[in-house]
Protein chains: 2
Amino acid sequence: MAESDPGHVPPRGFPATEFETRTARAQTLMARARLDALVLTTEPEFRYFTGLLTQFWQSPTRPWFVVVPATGRPIAVVPAIGAHAMASTWLDDVRAWPSPRPADEGVSVLAETLREVVGPRSRIGVPQGPETHLRMPLSDYRRLLDLLPGSEAIDATPVIRALRIVKSPAEIGKIAYVCDVVSAAFEALPDMLREGMSEIEIFRAFKIACLERGVDDVAYLVGGAGPGGYESIISPPSARHVGPGDVLIMDTGATFDGYYCDFDRNYAIGRAGDAVRRAYEVVYEATEAGFAAARPGARCADVYFAMQRVLDDGGALGNEVGRMGHGLGMQLTEWPSNMPGDHTELRPGMVLTLEPGMTFAPGAMMVHEENIVIGEAGPIWLTRRAPPSLPIVGG
Amino acid sequence: MAESDPGHVPPRGFPATEFETRTARAQTLMARARLDALVLTTEPEFRYFTGLLTQFWQSPTRPWFVVVPATGRPIAVVPAIGAHAMASTWLDDVRAWPSPRPADEGVSVLAETLREVVGPRSRIGVPQGPETHLRMPLSDYRRLLDLLPGSEAIDATPVIRALRIVKSPAEIGKIAYVCDVVSAAFEALPDMLREGMSEIEIFRAFKIACLERGVDDVAYLVGGAGPGGYESIISPPSARHVGPGDVLIMDTGATFDGYYCDFDRNYAIGRAGDAVRRAYEVVYEATEAGFAAARPGARCADVYFAMQRVLDDGGALGNEVGRMGHGLGMQLTEWPSNMPGDHTELRPGMVLTLEPGMTFAPGAMMVHEENIVIGEAGPIWLTRRAPPSLPIVGG
């Protein structure tokens, strides 16, 4: 397994300095936004400040909280089942409550913690804007605010975005690794594909290939095949057996140490018509144009328009995806979005997907996706580039 | 692969009658609670009423909504990228908005939909209680309520719980299948375990074994090993190599067609001391006691106390898990909880985990878990019972 090569596999976790830097940057942004504390309830934010990686978030029973005060280390407020795992993190203040306890699921200890770190009339940052949600029951959130009379909940979305949008070298190393491993798995896929396999069988074999090569999980794998093209890129594989003339897309978000890749590959089974070959070349060229446009100082909208121009010239009939790429990191998709209204300036350390897609004939889409990081001198591929022509496989 | 045996593998998806029944039951409960509509934002609830299975929920960019009116079929309000996939569901009213569109991420079309199906002064059910959350930005939720003046958002948690707590035969079939497949993978694990493997290698090999046997995903796999016992049951595997005297726990939630198993297995590497052997036998016996108590008409608290009695007699020092099992289905954990305060009455069709656990020595836990369904005449094992004595492997 790839993981046994110590020169190649990034170390797991982060040194404490990584979390100190994150916290210091957060506190600078908080001061600027006049926030006395942040209260964070979602997995990526909790992990960003504490370093705890656990799949236990899949259980909705217990909320987890991290409080980032104006100065000093973050304080975790966690269900008792998590207290031991928290002891291995860089935090020195972890407060646990016996859980489940639906009548007071951490709310009183969280309120008490906040009263300790902020004054009686404080501005408490809680993410409330686009792409955020609150991972605790609404009724508990209202009770929390009732326990903090005089304090105000202020939208902290801009603070969180500004922090997480630029990745550290260690974060980029993890993303680069998972991109490379999955690129290799895609390159090996043609040898594995045979006419007559069902989509379910192909997807399962690909998941196994990714695990064997060193990813931790294939958390996301969607797509499917259809004669001459596919109609949806978010569906699970079906029991349908692929056959000659089918076009197969596989779009995957595999993880290493909690960091995602997110890219796709297209294959034609046995043979391909001219329209689909041409569509593939168009999205390939659009990706090249997006890459060329993704320089430090450019805007996400510039990257979008660079790709859209190629698609328009290539006969695009439309695009239901609504954007052509996005941020990538601890989540499969993060801000910003490559789309007309997004004027986010590209800066070194941002990790993005380039995802040009189009409907090229009624009921037939072609979507391509690669991952890049913005470097000081320009963009750098994190995925190994897809072949420039539609691969014909399993013939 | 197991999937090629058509006599064994349950069909994917559900017939329309399943969704008609769910909707009719929902509408009966809604009438009783005087709710004019439900608005649901989370993946299991969306899937429960629409049937759409997609991993696309991992992207936080776009909310998805389903509105359950007082009469008639549910109405889906989805981002355009999901419109095609929705066309394959039983719904006949799917409304899409071009997304991402952060300034109006589905809010206006959702408000308009609600205005069509409810009167100007309506009671709109939104889950707000324990184990729920709202999967849309808080600021958008407030804007939605502003667009519906005179309407009230009422906590719909009791309605959703009552619906989902009893599983249909088709749902039970999927859970039973994934339990059986993963039981077989656990039974084969001893042949695969060798001293000197790292936890990461063991967990990866187990994921591959589960996939090869027919699960769709190993969405949850936590645990670890330690000399004479383990301290945390929610951690990811470490790079530590297991050695003689280690006790290994693996707790997994694998899925088939969107339904979970959730159970664990314990192994001793090479040899085991008396204390840990005895602890294993105690949690095994506690599981037997929980099973015997899990009869229709019993309460979850009864099941808890049946197990706790065995653990107390067996020298338990405590239990940080906070409960001894829970509901299971479209989520890794669902209500109810086997714990003192939970007086939920067991009824045929409920699927539960039995999860007795204890700290048996300082820093050493032993947690066991099996899955059962409540039948008319008593409980039925869904997992193949673990061995009655701690298996010694890889010696």
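Select Leu38(B): apart from residues up to four places away in sequence, Leu38(B) touches Met30(B), Phe49(B), Val66(B), Val67(B), Val68(B), Gly125(B), Ala156(B), Val159(B) and Ile160(B), where contact means heavy atoms within 4.5 Å. The model is predicted, so local features need pLDDT of at least 70 and side-chain atom pairs count only at pLDDT 80 or more, while totals for chains, interfaces and linings use all residues. Residues are numbered from 1 along each chain as its sequence is written, chains are lettered from A and ligands numbered from 1 in the order in which they are written, and side-chain values use heavy atoms, leaving out hydrogens and water.

Next, select Leu38(A), Val182(A), Leu38(B), Phe49(B) and Val182(B), the residues with the most contacts inside the largest nonpolar core, which has 228 residues. Such a core is a set of buried Ala, Val, Leu, Ile, Met, Phe, Trp, Tyr and Cys residues joined through side-chain atoms within 4.5 Å; buried means under 20% relative accessible area (1.4 Å probe, protein chains only). Another core, of 40 residues, lies apart from it and includes Val109(A), Tyr141(A), Val107(B) and Val118(B).

Now go to strand E8 of chain A, residues 246-256, where 11 of 11 residues are buried. Strands are DSSP runs of at least two residues (E), numbered from the N terminus, and two of them pair if DSSP finds at least two bridges between them.

Stops along E8(A):

- E7(A), residues 217-227: antiparallel to E8(A), joined by 10 bridges. Tyr220(A) stands opposite Gly253(A).
- E10(A), residues 263-269: antiparallel, with six bridges to E8(A). Asn266(A) is the bridge partner of Ile249(A).
- E9(A), residues 259-260: antiparallel, with two bridges to E8(A). Tyr259(A) is the bridge partner of Phe256(A).

Terms used. Buried < 20%, exposed > 50% of the residue type's maximum accessible area, 1.4 Å probe, protein only. Helix = DSSP H or I, 4+ residues; strand = E, 2+ residues; numbered from the N terminus.
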